[in-house]
Amino acid sequence: MADDKAKRGGADRALIALTEKYEVAYWSKKFKVTPAKLKYAVKKVGHSARKVEEYIKLQKHRAADKSRIALSEAYEVRYWSKKFKITPARLNAAVAAAGHSAKKVEAYLSAQKAAKRKAAKKTVKKTVKKSARRKTAA
């Protein structure tokens with residue numbers, strides 16, 4: 001689908017011509033991306049439809065991976081530990097309990113923190129009551 005409309009062979013279908021509106025529409029629909037993303041991909045890797053498709057798939061894969069925690073990668077463990085302000089061991093435990101989704105791990109950690117605060121308030125109230133009893137008894 002390059003510029004020459006008289007040629008309709010395989011070599012012509014292997015190239016993306018950004019100058020033709022119908023081609024931009026066709027390839028955008030085929031790769032399920034916006035025309036702007038298609039144009040950016042063509043500028044990045046060239047006019048080959050195969051290379052553009054590989055590039056777009058890689059970008060979609062990377063976008064999906066951003067919300068998942070991969071414990072097998074040391075840099076991921078460092079990143080998520082720093083982001084959640086916890087130790088790597090605690091991150092491992094949270095991922096084991098909540099799954100690899102960053103949102104689920106964050107919700108799990110915040111629920112744990114809230115439960116810890118609630119328990120701390122109860123112990124403070126008990127201590128205050130005990131000291132009040134001692135004062136009245138004395």
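1. Helices here are DSSP runs of H or I with at least four residues, strands are runs of E with at least two, and both are numbered from the N terminus. This is a predicted model, in which local features need pLDDT of at least 70, side-chain atom pairs count only at pLDDT 80 or more, and totals for chains, interfaces and linings use all residues. Residues are numbered from 1 along each chain as its sequence is written, and side-chain values use heavy atoms, with hydrogens and water left out.

2. Helix 6 covers residues 88–98, and its buried residues are Leu 91, Ala 94 and Val 95. These residues cover an arc of only 100° around the axis, so they sit on the same side of helix 6. Ala 89 and Ala 96, on the other side, are exposed. Buried means under 20% relative accessible area, exposed means over 50%, and partly exposed lies in between (1.4 Å probe, protein chains only). The arc is that of the directions from the helix axis to the C-beta atoms.

3. Now helix 3, residues 35–45. Its buried residues are Leu 38, Ala 41 and Val 42. Viewed down the axis of helix 3, they fall within an arc of 100° and so line one face of the helix. The other side of helix 3 has Ala 36, Lys 37, Lys 43 and Lys 44 exposed. Gly 46 follows helix 3, with a positive phi near 110°.

4. On charge pairs, a search of the whole structure finds 2 salt bridges. The criterion is a side-chain nitrogen of Lys or Arg within 4 Å of a carboxyl oxygen of Asp or Glu. Side chains of opposite charge can pair when their charged atoms come close.

5. An α-helix has 3.6 residues a turn, so residues three or four places apart point the same way. Arg 50 counts as exposed because its relative accessibility is 51%. Glu 54, at 45%, counts as partly exposed.

6. The side chains of Glu 53 and Lys 57 also meet in a salt bridge, at 3.9 Å from N to O. Glu 53 and Lys 57 are 4 residues apart in helix 4, so about one helical turn separates them. Lys 57 is exposed at 55% relative accessibility, whereas Glu 53 is partly exposed at 31%.

7. The structure holds 4 aromatic pairs. In Tyr 26 and Trp 27, the ring centres are 5.0 Å apart and the planes stand at 80°, so this pair is edge-to-face. Rings of Phe, Tyr and Trp (its six-membered ring) pair if their centres lie within 6.5 Å; planes under 30 degrees apart count as stacked, over 60 as edge-to-face and the rest as tilted. Ring pairs link Tyr 26, Trp 27 and Phe 31 into a cluster. Trp 27 is buried, with a relative accessible area of 4%. Tyr 26 is partly exposed at 37%.

8. Last, confidence. The average pLDDT (the predictor's confidence in each residue, from 0 to 100) is 84 for the protein, and 80% of the residues score at least 70. Confidence is lowest in helix 1 (residues 10–13), at a mean of 66. Helix 6 has the highest, at 95.
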